[in-house]
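My entries follow, in the order in which I looked things up.

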Amino acid sequence: PETIYLADYTPFGFIVDSVALTFDLDPRATRVTSRIAFRRNPEASDFDFFLHGEQLKLNSAKIDGAAVSPKITDKGLSCDVPDTPFVFEAEVEIDPTGNTALEGLYMSNGMYCTQCEAEGFRKITYYPDRPDVMATFKVTINGPHPVLLSNGNPVSSSEHHAKWYDPWPKPAYLFALVAGDLIAHPGEFTTQSGRKVDLNLYVRPGDEGKCAFGMEALIASMKWDEEVYGREYDLDLFNIVAVDDFNMGAMENKGLNIFNSSAVLASPETSTDMNFERIEAIIAHEYFHNWTGNRITCRDWFQLCLKEGLTVYRDSQFTSDMRSAAVKRISDVIDLRGRQFAEDQGPLAHPVRPESFQEINNFYTATVYEKGAEVIGMLKTLVGDDAYAKALDLYFERHDGDAATIEDWLKVFEDTTGRDLSQFKRWYGQAGTPRLSVEEAWEDGTLTLTFTQHTPPSVATPDPQPQVIPIATGLIGPNGNELAETRILEMTEARQSFVFEGLGARPVASILRGFSAPVVLTHELSDADRAHLLAHDTDTFNRWEAGRTMARQSLLAMITKDAAPDSAYLDGIHAVVCDASLDPAYRALMLGLPSQSDLASALHDQGQVPDPAAIYRAGEAMRDAMAARFADKAQSIYDACKIDAPYDPGAEQAGKRSLGNAMLSLITRRTNGDLAQAQYDAADNMTQQLSALACLIRAGDGETALAKFESQWRDDRLVMDKWFGLQVLEAKPEEAAAVADTLTKHSDFNWKNPNRFRAVFGSLSVHHAGFHHASGDAYALLANWLIKLDAVNPQTTARMCTAFQTWKRYDADRQAKAAAALDRILATPDLSPDTTEMLTRIRG
Ligand code: B3K
Ligand code: ZN
């Protein structure tokens with residue numbers, strides 16, 4: 001496969017003035033007729049005419065009405081063209097039914113749908129399929145379907161025909177088409193300037209009852225983007241379509257978002273609180289792309305974080321406003337550490353803006369998305385809220401209609417604040433997570449904090465330079481009082497000191513408040529000082545972090561020194577969790593432990609070889625100790641979390657359920673499954689039903705409930721995904737691979753459906769002790785299935801390969817088994833370029 005470099009960017013030789021497409025739909029032979037107006041690009045120097053095109057059958061091509069015979073390869077088409085403006089026309093034939101890769105135009109349950117980002121449009125027709133070529137699209141669809149949709153506004157429609165026009169120039173990756181027998185759940189929004197927008201959520205018959213929440217979330221997002229960013233919607237219509245077969249969560253096609261049905265369909269009976277929150281966030285995310293991604297798009301795919309980092313940042317602000325900011329921040333950091341830090345620690349490490357790739361679909365990563373969002377959060381912390389708002393206004397004003405770059409993005413901040421952001425830019429160009437450590441010195445009322453930063457070198461960044469790190473710092477006095485306002489220490493050197501003067505008694509420093517930078521912080525504190533922060537820190541993030549650090553230290557001591565669970569930790573969280581004045585959701589988060597995989601990372605960082613079985617045992621022992629420590633209060637907290645009102649997915653009820661279910665799990669651990677069974681039988685919503693089911697399985701009592709669950713939900717594919725996933729997630733480590741294997745033999749294991757495949761194998765790969773079990777069975781099983789899936793769906797296969805990204809952390813025996821699995825996949829004839837790139841990087 002060919003490697004593409006950021007440094008090689010050149011503009012396309014032509015400008016596209018307009019595109020007209022006609023689709024004559026047929027499941028096996030859809031005809032696509034295109035009429036594209038080109039003229040020379042004055043900014044280009046190379047006028048060779050090349051259009052991308054893959055898996056197309058060209059019936060005819062014309063230039064200015066005269067037939068031509070272009071040169072065709074498996075990558076595209078080239079031919080001689082005039083120096084003056086000209087119209088290129090082509091008729092191609094494609095096979096939506098045969099398209100199992102779910103990229104381009106494909107069929108899902110009898111409906112036609114598309115996925116073009118990043119490079120799927122070239123499987124629809126010949127086109128300059130690159131994001132810096134923007135054009136208006138006119139689309140005609142002919143087909144025997146009641147619903148025929150494309151981007152923009154409807155021009156006309158009659159039975160079996162529809163015409164659409166999208167007045168906003170867009171790159172081809174934002175093109176979309178949907179056709180099928182679909183039901184609309186309608187809604188309406190009036191924009192701040194008084195324009196009425198029709199909204200629709202299109203679903204398959206039978207799913208009408210799962211639309212109301214998504215529609216509310218869309219309306220809330222439209223309102224929020226007006227209020228907070230001043231961004232108004234720009235078409236008469238906004239459509240969302242739910243599709244069952246989809247490689248990712250959702251896609252922001254202009255005016256026609258397409259969603260994985262798991263990311264939009266919701267009802268209390270079938271969706272958990274977490275599902276509701278995720279759906280709200282994804283709807284917001286895709287909607288926010290209308291400005292950050294669509295109106296302002298990316299010059300090339302290296303700039304992906306320009307739209308993704310910013311849009312993730314915006315959706316996290318939205319969730320913080322809709323729910324609890326403290327809870328959202330903690331959840332985001334848990335996720336960042338679990339996925340992005342792991343990526344940065346292994347062979348897949350890459351900068352937020354990568355400098356080369358083979359298959360761009362492999363770079364829709366936690367680094368580009370989540371670290372990309374963290375970088376924007378740091379920028380906002382450094383310049384302040386007002387300057388951030390001004391810079392964003394300038395960004396929208398200056399770059400509306402552009403295909404922009406990270407340089408453009410940083411320039412608006414430089415121009416509005418006068419700052420030099422050249423050092424800050426390293427956050428975009430360097431891979432790796434900085435390690436930040438701090439030493440304290442105390443003398444005569446002066447506290448000096450000396451920080452050292454160091455980023456481990458990686459293949460992507462062999463020689464990392466110091467980065468700008470905003471370190472939000474507070475001081476907590478001996479009585480638990482806050483001594484000064486939080487200060488943002490702006491660290492720019494490899495080693496740098498900051499001084500706090502005029503203090504009375506020595507305070508405890510609360511460092512990296514709100515997780516103000518995506519770094520690994522080492523702050524040696526006495527047990528008493530750490531416990532002091534857990535009891536008193538006014539920063540909700542750092543208060544939680546104090547507990548998390550105590551938990552991590554205790555677990556590591558249990559793993560490596562056979563220590564007993566730390567009673568100071570148990571007492572500390574007991575006090576916080578029993579404090580009824582705190583938000584139940586926050587109390588529930590306090591009960592969480594670092595993941596087994598995070599513990600493996602921490603051990604690896606210390607130069608040790610993690611033993612997954614020992615890590616698992618320590619976690620179990622810690623949970624037993626927690627169950628014992630909370631024996632006095634668990635039942636009363638559980639009872640206090642009962643809700644006497646109809647189900648509502650909002651933060652308040654969800655928080656209570658999450659605390660109640662954390663208690664249920666501790667109670668079940670010490671007693672038996674009776675309380676869980678009672679909750680299961682009484683449940684009228686999926687959160688309560690599924691939590692109870694998980695407790696029953698852990699108590700060894702799950703069989704009857706699992707069978708009941710299956711017969712109740714057999715016909716609901718999204719709920720059945722949970723049924724498949726939970727059994728793997730809750731399996732004993734030595735049984736996880738066998739449980740997954742058995743589930744693949746179930747008649748409903750439709751492995752070509754990405755959601756179902758991920759339900760089983762995504763769960764297996766996050767089951768740390770199960771996936772890395774000494775037998776190597778899980779490695780071998782996953783390898784078998786990845787080989788099978790690659791022939792059908794390379795994108796989902798390549799993504800699932802990340803399960804192996806940490807394989808070199810483990811002992812020689814496990815490494816040999818993982819290497820054998822990887823080599824077996826790599827040796828598969830005709831392995832896709834997607835999977836080849838991923839595995840070559842992982843194998844190292
Ligand atoms: N932009 C899409 C992701 C496309 C992934 C292509 N492999 C969804 C999103 O980030 O909003
Ligand atoms: Zn996005």
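**UniProt range.** I looked up residues 432–523, which an unreviewed UniProt entry lists as "domain: Peptidase M1 alanyl aminopeptidase Ig-like fold". UniProt positions are in the numbering used here, feature names are shortened, and annotations may be inferred rather than shown by experiment. Over residues 432–523 I find 0% helix and 49% strand. The end C-alpha atoms of that range are 20 Å apart. Helices (H or I, at least four residues) and strands (E, at least two) are DSSP runs, numbered from the N terminus.

**Ground rules.** I am working on a predicted model, where local features need pLDDT of at least 70, side-chain atom pairs count only at pLDDT 80 or more, and totals for chains, interfaces and linings use all residues. Residues are numbered from 1 along each chain as its sequence is written, while chains are lettered from A and ligands numbered from 1 in the order in which they are written.

**Domains.** I noted domain 1 (1–96 + 113–177), domain 2 (182–287), domain 3 (297–429), domain 4 (435–517) and domain 5 (714–844). The bounds come from an automatic or database domain assignment.

**Domain 2 against domain 3.** I get 24 Å between their centres, taken over C-alpha atoms. Nine residues of domain 2 contact nine of domain 3 (C-beta atoms, placed from the backbone, within 7 Å). On the domain 2 side, helices H1 (212–229) and H2 each give two or more residues. H1 gives the most, with five. I class that side as six nonpolar, two polar and one charged. Ala, Val, Leu, Ile, Met, Phe, Trp, Tyr, Cys and Pro count as nonpolar, Asp, Glu, Lys and Arg as charged, and the others, Gly among them, as polar.

**Ligand 1.** Which residues are around it? I list Glu117, Ala118, Met248, Ala250, Met251, Glu252, His285, Glu286, His289, Glu308, Asn361 and Tyr364 (C-beta atom, placed from the backbone, within 6 Å). Strand S20 (250–251) and helix H2 (273–288) each give two or more residues to this shell. The shell splits into five nonpolar, three polar and four charged residues. Domain 2 and domain 3 each supply at least three of its residues.

**H24 and H26.** I checked H24 (777–790) against H26 (812–826): the angle is about 10° and the axes are 9 Å apart. Axes are lines fitted to C-alpha atoms, for helices over the stretch in contact, and angles run from 0 to 180 degrees between N-to-C directions. H24 and H26 are therefore roughly parallel (under 35 degrees). Tyr779, Ala780, Ala783, Leu786 and Ile787 of H24 meet Lys817, Ala818, Ala821, Arg824 and Ile825 of H26. I count eight nonpolar, no polar and two charged residues in this contact.

Terms used: Angles under 35 degrees count as roughly parallel, over 145 as roughly antiparallel, 65 to 115 as roughly perpendicular and the rest as oblique. Two residues are in contact if their C-beta atoms, placed from the backbone, lie within 7 Å.
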